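Thanks for asking me to look over this one. I have put my comments in the form of numbered points, to be read with the model open beside you.

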Amino acid sequence: MSTRRHFLHQAGLTTLALSLPFANSLAQESSQKDQRVLRVALMGLGSYATRVAEAMKTCTKAKLVGVISGTPSKIELWQQKYGIPPQNCYTYDTVAEIKNNKDIDAVYVITPNALHKEHTIAVAKAGKHVICEKPMAISSQEGKEMIAACKTAGVRLLIGYRMHFEANTLDVVKRQRAGEFGKTLFFQGLSGFVIGNPSQWRLNKALSGGGAMMDIGIYSINGARYLLGEEPIWVTAQESKTDPVKFGEGIDETITFQMGFPSGATASCLSTYSLNYLDKFFLSGTKGFAEMQPSTGYGPIKAWTHSGPLQHPHVTHQTTQMDEMAALIFDDKQPLLPVDGEEGLKDLYLVEAIYQAVKSGQKVSLPR
Ligand code: NAD
């Protein structure tokens, strides 16, 4: 409620006030707020950006209005496909010029992981809000620099955690928080797929920052945190590699890892680039359980608990995500599960701790 309306309400004058001359402007202000659309430019026009662009066609509070790409032919194609005007097209070298573009509110960074920091900071310096894909960066140090840059520039930094807006996921989270499963003491997360083309950036450490853990294992880290509702205090981890040529130095193929939480809960997880059909969460408590499979794929997400299946209809994740992010930015809406830079950073600390545990063979403690 706006301060002015709140004051009038408090004073019991709402009805009277609405007959006053400024009633119209008040109503206009409120409807403008409700109707404000987040005008987004996508940076990096690869496969995930295409998925986001398609999903945004049915958004009500967000709209694709611009592109940033290093490939002129792609820009041309996207202009035609999504009706992007020429003045909203940029290259990686001209990002700074977005500062002067009043028709763009936010840039969604969907480039390879190692470029997220450079691209996020460039967008922040151009004075635009940043939505950045997961993992937010390839190290916690980079993540911290991104948060600082966005803070200095006075822009929002949101991480593309689409599951944080998915209805079945949120239902399980709410049930866990309400105690429906009793004391939740165990989480299992299985995240993996068979990766194809060996020459892609995901298998190049300089661009990916790591292997399956950075890319897909991070879903189990994130899922353990949101389904248990706690932050881990230790990790242990073990790595196995069946193809050291495809998965070179610094590119993890398969890691099993465990996390311990302050309540005594534990998580047991698998991250891999060598198995398909591996997309499952299981949460066990003293009074019940929740199971999700698929748990983080593009959906439909299937979830059930000890009392039966959850029935929330499937909505394209990125559609909900972008509408909700518009509300976070414009209406200061508070999400049940955070999607800010600090949230991205928490996952990166854990990725680093897991890599450290693999290397040392030791349990790694995390600060509370
Ligand atoms: P992609 O390879 O399909 O697209 C990457 C884009 O970045 C391409 O358009 C490419 O041209 C561009 N690019 C710019 N500089 C590049 C460089 N130096 N090397 C290679 N490409 C360069 O990858 P993607 O699958 O779209 O992934 C992009 C990001 O999105 C990654 O961070 C990934 O983790 C994330 N992602 C998130 C989800 C999700 O569900 N949230 C799903 C897929 C990917």
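The points below go from the domains to the sheet, then to one helix and the cysteines.

1. A word on the source first: this is a predicted model. Please read each of the points that follow with that in mind.

2. Let us start with the overall division. The domain assignment gives domain 1 as 38–160 and domain 2 as 163–313 + 340–365. Between their C-alpha centres there are 26 Å. Across the boundary, 18 residues of domain 1 are in contact with 18 residues of domain 2.

3. The sheet deserves a slow look. It is an open sheet of 9 strands with mixed pairing, and the order is E14-E13-E12-E11-E7-E10-E9-E8-E15. Strand E14 (308–309) and strand E15 (364–365) are the edge strands, each pairing on one side only.

4. Which strands pair with E10? On one hand, strand E7 (residues 184–192) pairs with E10 in the parallel sense, over 7 bridges. Here glycine 192 stands opposite threonine 272 of E10. On the other hand, strand E9 (residues 254–260) runs antiparallel to E10 and is joined to it by 7 bridges. In that pairing, glutamine 258 has serine 268 in E10 as its bridge partner. Strand E10 (residues 266–272) is also mostly covered, with 5 of its 7 residues buried.

5. The turn between E9 and E10 is worth a click. These two strands form a hairpin with 5 residues between them, and in the turn glycine 264 has a positive phi of about 105 degrees.

6. Going along the sheet from E9, you meet another antiparallel pairing: strand E8 (residues 234–240) and E9 are linked by 7 bridges. Serine 240 stands opposite threonine 254 of E9 in this pair.

7. Now for the helices that meet these strands. Helix H8 (residues 167–177) lies across E7, strand E11 (278–285), strand E12 (289–292) and strand E13 (303–305), and it runs at about 165 degrees to E12. Helix H10 (residues 212–228) packs on the sheet too, touching E7, E9, E10, E11 and E12. The direction of H10 makes about 160 degrees with that of E7.

8. Finally, the cysteines. How many disulfides does the structure hold? The count is 0. For cysteine 132, the closest cysteine sulfur is that of cysteine 150, and at 8.8 Å this is too far for a bond. Cysteine 132 counts as buried because its relative accessibility is 0%. Cysteine 269 also counts as buried, at 3% relative accessibility.

Note on methods
Residues are numbered from 1 along each chain as its sequence is written. This is a predicted model: local features need pLDDT of at least 70, side-chain atom pairs count only at pLDDT 80 or more; totals for chains, interfaces and linings use all residues. Side-chain values use heavy atoms; hydrogens and water are left out. Buried means under 20% relative accessible area, exposed over 50%, partly exposed in between (1.4 Å probe, protein chains only). Helices (H or I, at least four residues) and strands (E, at least two) are DSSP runs, numbered from the N terminus. Two strands pair if DSSP finds at least two bridges between them. Contact means heavy atoms within 4.5 Å. Axes are lines fitted to C-alpha atoms, for helices over the stretch in contact, and angles run from 0 to 180 degrees between N-to-C directions. A disulfide is a pair of cysteine sulfur atoms within 2.5 Å. Domain bounds come from an automatic or database domain assignment.
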